[in-house]
Amino acid sequence: MISLLRRLFGLAQRYPWLLPTLSFAAGWLGFVLVQRGQELARIIALLALLGWFWMLVEPWVRRRLERRRQRVGNFVVNFISQSLQQELLFFSLPFLIGSTQRDAGQIAFTGLVGAAAVVSTIDPVYERVIATRAARRMSFHAFCSWIAALVVLPMVLLLPLERALPISLLAVGGWLVLTLPLSLYSLRHWRTRVAWVVGMIGVPLLFWELRAQVPAAGLAVTDARVTQTIDGLTPGMPVRRLRQDELAQGVIAFAAIRAPAGLSQQVIFEWRHDGERERIAVEIEGGRGDGFRAYARKQVFPADSVGLWTVDVLTPQAQLLQRMRFIVEG
């Protein structure tokens with residue numbers, strides 16, 4: 001077994017780009033299959049989620065191997081962990097990229113995941129910065145697993161995104177609590193131990209507070225427009241400017257949204273103007289190649305409606321799917 005791992009390690013050193021490239025390609029394949037509503041995407045996502053099992057057992061496997069042969073134990077466990085982290089991050093990236101909107105927060109979040117993926121492939125940086133201390137290894141592995149869970153839980157377990165996000169955070173937070181003794185033991189000073197405990201509590205809470213900046217991986221808007229007519233579920237011509245007297249006809253915000261097959265998901269159409277907002281909830285179903293067609297019609301407007309109007313298509317956790325704008329002229 002050790003000999004096989006050494007051979008794999010040698011292959012990974014000779015071709016360091018191979019695993020990230022294959023994982024990235026598998027992610028794009030899964031993303032395309034999700035858009036087409038094919039069940040094979042669920043199988044690919046399930047394989048990616050198997051890395052979670054290693055996350056659970058890694059600290060205890062490391063301790064047992066280190067008791068027997070420390071150098072070999074570190075080598076084997078670090079190699080497996082780093083490989084799985086690369087696989088999880090590069091697999092998840094296409095889904096995040098495909099769902100990232102022109103929003104600074106979402107772009108920054110996807111950039112953070114991309115930076116973590118790059119770090120996982122640079123052995124000198126990874127071994128010096130991440131692999132040297134248990135606390136760093138645990139936090140980095142938890143981040144990789146959380147990202148993967150955000151992407152694959154809606155596909156594998158058909159969890160709506162508003163449930164996948166808190167469940168994944170709670171699962172990773174619980175695992176960090178279970179491994180807390182190992183993390184604290186690796187830290188030398190009491191100040192760093194206190195900082196680690198504070199960070200273990202604060203970082204998941206921070207991600208929860210910033211959940212609107214997390215791209216809604218797995219959902220993609222294929223068509224979106226503001227219009228004033230709709231025939232069945234076929235929208236009319238898009239409008240960008242309206243006169244105030246034309247509002248009596250009503251305004252329609254339309255979106256076609258792709259989602260994994262079998263997933264039932266609520267989305268929110270949020271209308272905003274001059275500090276006022278109105279939210280209209282719509283249920284969508286996954287598995288349609290051209291996207292589930294949904295719309296929200298607004299017929300009641302304030303007396304002073306002149307100016308810029310924004311219609312955001314959101315998940316219930318306020319993750320942005322699409323932003324539409326139109327202007328009302330006096």
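**Entry 1: the chain as a whole**

I began with burial, and in this predicted model I found that 48% of the 330 residues of the protein chain count as buried. I then looked up the secondary structure, and the protein chain turned out to have 11 helices and 10 strands. For contacts between residues at least 6 apart in sequence, I noted that 69% join residues at least 24 apart.

**Entry 2: helices H6 and H7**

Before turning to the helices I reminded myself that two packed helices are described by the angle between their axes and the distance between the axes. I looked up H6, which covers residues 104–121, and H7, which covers residues 123–130, and their axes come within 5 Å and cross at roughly 100°. An angle from 65 to 115 degrees counts as roughly perpendicular, and H6 and H7 are therefore roughly perpendicular to each other. On the H6 side I listed Val119, Ser120 and Thr121, which meet Asp123, Val125, Tyr126 and Ile130 in H7. Sorted by class, this contact of H6 with H7 has 4 nonpolar, 2 polar and 1 charged residues.

**Entry 3: helices H8 and H9**

My next pair was H8 (residues 134–156) and H9 (residues 161–178), whose axes come within 9 Å and cross at roughly 155°. The angle makes H8 roughly antiparallel to H9, because angles over 145 degrees count that way. I also noted the sense of the crossing, in which H8 passes H9 in a right-handed manner. From H8 the contact is made by Met138, Ala142, Trp146, Ala149, Leu150, Leu153 and Pro154, and from H9 by Leu161, Ala164, Leu165, Ser168, Leu169, Val172, Trp175 and Leu176. When I sorted the residues of the contact of H8 with H9, they divided into 14 nonpolar, 1 polar and no charged.

**Entry 4: the sheet with S4 at one edge**

I traced an open sheet of 5 strands, with mixed pairing and the order S4-S10-S9-S6-S7. Its edge strands are S4 (241–243) and S7 (276–285), each of which pairs on one side only. On average, and with direction ignored, neighbouring strands of this sheet are turned by 25° against each other.

I then followed the pairs one by one. S4 and S10 (residues 320–329) pair in the parallel sense over 3 bridges, and the bridge partner of Arg241 in S10 is Ile327. S9 and S10 run antiparallel and are joined by 8 bridges, with Val311 bridged to Met324 in S10. In the hairpin of S9 and S10 I counted 5 residues between the strands, and there Ala318 takes a positive phi near 70°. S6 (residues 264–273) and S9 (residues 307–314) pair in the antiparallel sense over 5 bridges, and I found Arg272 opposite Thr310 in S9.

**Entry 5: strand S5 and its partners**

Last, I asked myself how many of the residues of S5 are buried. S5 (residues 251–258) is mostly covered, since 7 of its 8 residues are buried. I looked up its partners as well, and 7 bridges join S1 (residues 220–227) to S5, the two strands running antiparallel. Within that pairing, Ala224 has Ala255 in S5 as its bridge partner. S5 is also joined by 7 bridges to S8 (residues 292–298), and these strands again run antiparallel. There I noted that Ile252 has Arg297 in S8 as its bridge partner.

How values were computed:
Residues are numbered from 1 along each chain as its sequence is written. This is a predicted model: local features need pLDDT of at least 70, side-chain atom pairs count only at pLDDT 80 or more; totals for chains, interfaces and linings use all residues. Side-chain values use heavy atoms; hydrogens and water are left out. Axes are lines fitted to C-alpha atoms, for helices over the stretch in contact, and angles run from 0 to 180 degrees between N-to-C directions. Helices (H or I, at least four residues) and strands (E, at least two) are DSSP runs, numbered from the N terminus. Angles under 35 degrees count as roughly parallel, over 145 as roughly antiparallel, 65 to 115 as roughly perpendicular and the rest as oblique. A crossing is left-handed if the near helix is turned anticlockwise from the far one by less than a right angle, and right-handed if clockwise. Contact means heavy atoms within 4.5 Å. Ala, Val, Leu, Ile, Met, Phe, Trp, Tyr, Cys and Pro count as nonpolar, Asp, Glu, Lys and Arg as charged, and the others, Gly among them, as polar. Two strands pair if DSSP finds at least two bridges between them. Buried means under 20% relative accessible area, exposed over 50%, partly exposed in between (1.4 Å probe, protein chains only).
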